[in-house]
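Open the model in your viewer and keep the selection tool at hand. The stops below say what to select and what to look for.

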Amino acid sequence: DGMHAFAVGLKKQGKARIEQALSLTHGFEDLESGEDWVRMAKCPNMSQKHTGYSCTGIIPNCHPQQLMDMLVSVQPSDIAVFDPNLNATKALDQAVLPFPVCGQLDCVYKAQKAYLGGVVDPREFVNSQLRWSGADGSCWSAASFTTHPRQPPDQKVKRARVLLSASHMESCAGGVMWTALLCVDLKLPARVYENSMGLPKELENIFKRMKAHFERS
């Protein structure tokens with residue numbers, strides 16, 4: 001049906017883009033759990049108007065499923081660990097899909113506070129978020145914008161669009177090798193946030209917060 005077809009397409013796109021991101025960051029063979037633990041890259045051809053960014057890094061003291069559960073959680077205490085810009089989130093719908101998807105598809109609402117010193121004002125998102133596991137124990141996710149009748153647009157807040165967000169988490173000697181990519185339309189001129197101190201910096205900061213959290217655990 002339509003849901004399965006959408007999920008299959010999202011899974012295929014997310015996996016292909018993660019593989020591209022890994023090639024752009026030269027895989028993870030030369031990353032170490034010391035100072036050289038994270039690497040950023042641009043992801044070309046993700047959108048005609050917007051630039052995608054990827055980040056690959058080592059998150060210590062955890063396993064892939066543990067990290068994925070925190071990343072996709074709608075619990076405020078979990079979200080605060082890695083993204084203080086989010087001030088509300090809730091699950092709108094959920095479906096467990098059989099082969100060939102073999103994963104869970106969620107519809108999630110997120111509200112974001114102003115950030116980058118107020119350059120980006122409050123935004124809201126409604127995303128379809130698919131997560132699945134690989135035969136090797138790795139965890140994957142892919143998400144893109146959608147609509148939902150239970151969450152019509154708030155006329156007082158801009159509705160941004162996640163064009164594609166994806167993650168791959170795999171066990172390694174230092175903990176979990178996590179690769180994430182993001183391409184988003186914040187309904188602002190791209191030059192405002194698609195620069196070295198904008199979206200890529202926010203993505204890197206999410207990695208740093210996750211790393212610091214698990215180092216303390």
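Start with the largest pocket, which holds about 160 Å³ of space. A pocket here is an open set of points on a 1 Å grid over the protein atoms alone where a 1.4 Å probe fits, with protein on both sides within 12 Å along at least five of seven lines. Its volume is the space filled by probe spheres set on the points, which are joined across faces, edges and corners. To see the lining, select G2, M3, F6, D93, Q94, A95, L105, D106, C107 and S128; lining residues have an atom within 4 Å of a point. Helix 1 (2-24), strand 3 (86-97) and strand 4 (103-112) each give two or more residues to this lining. Helices (H or I, at least four residues) and strands (E, at least two) are DSSP runs numbered from the N terminus. By class the lining has 5 nonpolar, 3 polar and 2 charged residues, where Ala, Val, Leu, Ile, Met, Phe, Trp, Tyr, Cys and Pro count as nonpolar, Asp, Glu, Lys and Arg as charged, and the others, Gly among them, as polar.

The model is predicted: local features need pLDDT of at least 70 and side-chain atom pairs pLDDT 80 or more, while totals for chains, interfaces and linings use all residues. Residues are numbered from 1 along each chain as its sequence is written, and side-chain values use heavy atoms, with hydrogens and water left out.

Colour A7, L10, K11, G14, R17, I18, A21 and L22, the buried residues of helix 1. Buried means under 20% relative accessible area, exposed over 50% and partly exposed in between, with a 1.4 Å probe and protein chains only.

Move to the loop between strand 3 and strand 4, where P100 and C102 lie. The peptide bond from F99 to P100 is cis, with omega near 10 degrees. C102 has a positive phi, near 55 degrees, and is not a glycine; with a relative accessible area of 44%, C102 is partly exposed. Most residues other than glycine have a negative phi, and most peptide bonds are trans.

For another positive phi, go to K187, a residue other than glycine with a value of about 60 degrees. K187 sits in the loop between strand 9 (175-185) and helix 4 (190-193) and is partly exposed at 40% relative accessibility.

Now pick K211 in helix 5 (residues 199-216). Is K211 buried or exposed? K211 counts as buried because its relative accessibility is 13%. Its side chain makes a polar contact of 2.7 Å with that of E215. A polar contact is a pair of N or O atoms within 3.5 Å; within protein, one must be able to donate a hydrogen and the other to accept it, and residues adjacent in sequence count only if both atoms are side-chain atoms. Leaving out residues up to four places away in sequence, K211 touches W37, I58, I59 and P60, contact meaning heavy atoms within 4.5 Å.

Finish at the largest cavity, with about 650 Å³ of space; in a cavity the probe fits but cannot get out. Centre the view on D83, K110, S165, L182 and I206, which lie nearest its centre among the 32 lining residues. Those residues divide into 20 nonpolar, 8 polar and 4 charged.
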